[in-house]
Amino acid sequence: LYTMNIKEQIQKRGFTVSQVAALMTNKNGEKGITQSSLSQIINGNPSLDKLREIASIIGLSVSELLQDEKDSLSLTCPHCGKDINIKVE
């Protein structure tokens, strides 16, 4: 679930996954990892350090990076099974 949020946030901030990968630090402390490596990090179980690094590169906090930006809350009625949308303002 958070994987999509990370990718969406990268795009919303005007970056591509490739651009973020090029700005990340590899195991040797040098700049640049492959797009494939970053995708594996995002799709796997990213460490807090990697989340911090991604967030820092695109100019967000970790919580903003992972935040679901829906402006409504969706619930399912336990009686009829219909979706109930509550607008958050």
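Colleague: In which part of the chain is the place of Glu 30?

Modeller: Elements are assigned as DSSP runs, with helices (H or I, at least four residues) and strands (E, at least two) numbered from the N terminus. On that basis, the place of Glu 30 is in the loop between α2 and α3.

Colleague: Which atoms do the side-chain values use?

Modeller: This is a predicted model, in which local features need pLDDT of at least 70 and side-chain atom pairs count only at pLDDT 80 or more, while totals for chains, interfaces and linings use all residues. Residues are numbered from 1 along each chain as its sequence is written, and, with hydrogens and water left out, side-chain values use heavy atoms.

Colleague: What is the relative accessible area of Glu 30, and which residues does Glu 30 touch beyond four places in sequence?

Modeller: Glu 30 is partly exposed, at 47%. Contact requires heavy atoms within 4.5 Å. Residues up to four places away being set aside, Glu 30 touches Met 24 and Thr 25.

Colleague: How many helices and strands does the protein have, and in what order do the elements run?

Modeller: The protein has five helices and two strands. Read from the N terminus on, the order is α-α-α-α-α-β-β.

Colleague: Within what arc do the buried residues of α3 fall?

Modeller: Leu 38, Ile 41 and Ile 42 are the buried residues of α3. The arc is taken from the directions that lead from the helix axis to the C-beta atoms. Viewed down the axis of α3, its buried residues line one face of the helix, because they fall within an arc of 95°.

Colleague: What N to O distance joins Arg 52 and Asp 49?

Modeller: A salt bridge here is a side-chain nitrogen of Lys or Arg within 4 Å of a carboxyl oxygen of Asp or Glu. Arg 52 and Asp 49 are three residues apart in helix α4, and therefore about one helical turn separates them. Arg 52 is partly exposed at 47%, whereas Asp 49 is exposed at 56%. Their side chains meet in a salt bridge at 3.6 Å.

Colleague: How many salt bridges does a search of the whole structure find?

Modeller: Lys 50 and Glu 53 also meet in a salt bridge, at 3.6 Å from N to O. Both residues lie in helix α4, three residues apart; Lys 50 is partly exposed at 23%, and Glu 53 is buried at 16%. For the whole structure, the number of salt bridges found is two.

Colleague: Which residues does Glu 53 touch, not counting those up to four places away in sequence?

Modeller: The buried residues of α4 are Leu 51, Glu 53, Ile 54, Ala 55, Ile 57 and Ile 58. With residues up to four places away not counted, Glu 53 touches Leu 23, Met 24 and Thr 25.

Colleague: Which residue follows α4, with a positive phi?

Modeller: The residue in question has a phi near 85°. Following α4, it is Gly 59.

Colleague: How far apart in space are Thr 16 and Gln 35, C-alpha to C-alpha?

Modeller: Thr 16 is found in the loop between α1 and α2 and is partly exposed at 40%. Thr 16 and Gln 35 are 19 residues apart in sequence, and their C-alpha separation is 9.4 Å.

Definitions and conventions: Buried means under 20% relative accessible area, exposed over 50%, partly exposed in between (1.4 Å probe, protein chains only).
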